[in-house]
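I am keeping these notes while going through a two-chain model. The entries follow the order in which I looked things up.

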Amino acid sequence: MGKFKKGGSKELPEISTASLPDIVFMLLFFFMVSTTMREVELNVDIMVPSAKEIVKLEKKDLVSNIYVGVPMRKFAKTMGTEPQIQLNDQFSTVDDIQAFIAAEREARKEELRNKLTTSLKVDQYTKMGIIIDIKQELRKASSLKLNYSTRETAE
Amino acid sequence: MARKTPEINSSSMADIAFLLLIFFLVSTTMDIDTGIYKKLPPIPEEEEIDAPKVKQRNVLAILVNRNDDLLVNGEVLSISQLREKTKEFILNPLNSADLPEKKLTTIPFFGDVMVSKGLVSLQNDRGTSYEMYIKVQDELAAASRELKDEKAMQKWNKKYADLNEEQQDAVRDYVPMQISEAEPKNVGGKK
């Protein structure tokens, strides 16, 4: 019955850390692939409203964003505290929207241009007046696909 | 004579990888954009096209004022009642004279069925809050989804989202939900 050795060396063998870099690299690649870098710096405070019947917005490269909200505190002196429109990186007015849509279309490949969706990221306390204006401008620019950005309601 | 190249110590590899990992961890945003999808109506090409006349009983007029109060067909409602009201409006279960007419339509899978001619009309004040607007849209979408789920359950014992495309089309024809947003009155033309 001497098949099993008893005792043996009391010291625990050291765990090999040679595979640690591999594990870390794996994690690293996961995050590198799943990362989307923030494209624009927000100049307005936005807390989008919540809703239940939401859909996921697919094909992020075919989405152009329009932000509407109250300017952040550092801009309060120059821009006031009324909700403002932000296109790309700067404050804009309703009249700039058509040019913005045209530029967004220009930046896409020709066959994808009519698939462009506009995502409205609007603060929940904004009044509808400004949004009605934006919608009119979008219709004039015949950019008819619209997405109201919302959070999912926590149930 | 072949000289042995000394092995490079790779124990710091992990540190480098960790550093990169932490950078990506911090800079990552994994939010998925979600939202309510809508299609805007195109601007009518010619001025002053007469809007098709719709009978009053076929319209569910939803008005939202600047204090975010809801008026549905002349009745003040709270937002939580809107969904039931809309469903009742579209279904018209008792064929009452105040609720929309129905039209006999042939729909694949269902055969000849009565389809509501109801139309939801939504009008906001410029002072309505965006939050309220989204809530109304959300309730209407929820009502529409519940109606579709109901029909799909009756027929196939499945939810609407689980049906195939043809079945979804059929259900969509069965319980149509047309939402028309009133043209803003003081915008357009005079700018």
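Entry 1, the core. I looked up the largest nonpolar core, which has 44 residues; B:Ile36, B:Ile62, B:Tyr130, B:Tyr133, B:Ile134 and B:Val136 touch the most other members. Such a core is a set of buried Ala, Val, Leu, Ile, Met, Phe, Trp, Tyr and Cys residues joined through C-beta atoms within 7 Å. I take buried as 20 or more other C-beta atoms within 10 Å of the residue's own, exposed as 12 or fewer, and partly exposed as in between, with C-beta atoms placed from the backbone. Helix α3 of chain B (residues 130-156) supplies ten residues, the largest share of this core. Helices (H or I, at least four residues) and strands (E, at least two) are DSSP runs numbered from the N terminus.

I then listed the contacts of B:Ile134, leaving out residues up to four places away in sequence: A:Pro49, A:Ala51, A:Tyr148, A:Thr150 and B:Ile36. Two residues are in contact if their C-beta atoms, placed from the backbone, lie within 7 Å.

The model is predicted: local features need pLDDT of at least 70, side-chain atom pairs count only at pLDDT 80 or more, and totals for chains, interfaces and linings use all residues. Residues are numbered from 1 along each chain as its sequence is written, while chains are lettered from A and ligands numbered from 1 in the order in which they are written.

How many residues does each chain bring to the contact? Chain A brings 48 residues and chain B brings 40 residues. On the chain A side, α1 (20-34), β3 (55-56), β7 (117-122), α4 (128-140) and β8 (145-149) each supply at least two residues. Of the elements of chain A, α4(A) gives the most to the side that touches chain B, with ten residues. I sorted the residues of that side of chain A into 24 nonpolar, twelve polar and twelve charged. Here Ala, Val, Leu, Ile, Met, Phe, Trp, Tyr, Cys and Pro count as nonpolar, Asp, Glu, Lys and Arg as charged, and the others, Gly among them, as polar.

β8(A) pairs with β1 of chain B (residues 34-39) in the antiparallel sense over five bridges. Pairing needs at least two bridges found by DSSP between the strands. A:Lys145 stands opposite B:Lys39 in β1(B). β3(A) also runs antiparallel to β1(B), joined to it by two bridges. There, A:Val55 has B:Gly35 of β1(B) as its bridge partner.

I counted four helices and nine strands in chain A. From the N terminus on, the order is α-β-β-β-β-α-β-β-α-β-α-β-β. Chain A is more spread out than a compact globule, because its radius of gyration is 26 Å, well over the 15 Å that the globule rule gives for 155 residues. The radius is taken over C-alpha atoms, and the rule is 2.2 Å times the number of residues to the power 0.38. Along the principal axes, the C-alpha atoms of chain A fill a box of roughly 90 × 40 × 35 Å. Of its 155 residues, 25% count as buried. Among contacts in chain A between residues at least 6 apart in sequence, 76% join residues at least 24 apart.

A:Asn88 sits in the loop between β5 (84-87) and β6 (90-92) and counts as partly exposed, with 16 C-beta neighbours inside 10 Å. A:Ser142, in the loop between α4 and β8 of chain A, also is not a glycine and has a positive phi, near 40°. A:Ser142 is exposed, with 12 other C-beta atoms within 10 Å.

UniProt (unreviewed entry) lists residues 133-173 of chain B as "coiled-coil region". That span of chain B is 80% helix and 0% strand, with its end C-alpha atoms 26 Å apart. For residues 12-33 of chain A, the UniProt annotation (unreviewed entry) is "transmembrane region". Those residues of chain A are 64% helix and 0% strand, with end C-alpha atoms 39 Å apart. UniProt positions are in the numbering used here, feature names are shortened, and annotations may be inferred rather than shown by experiment.
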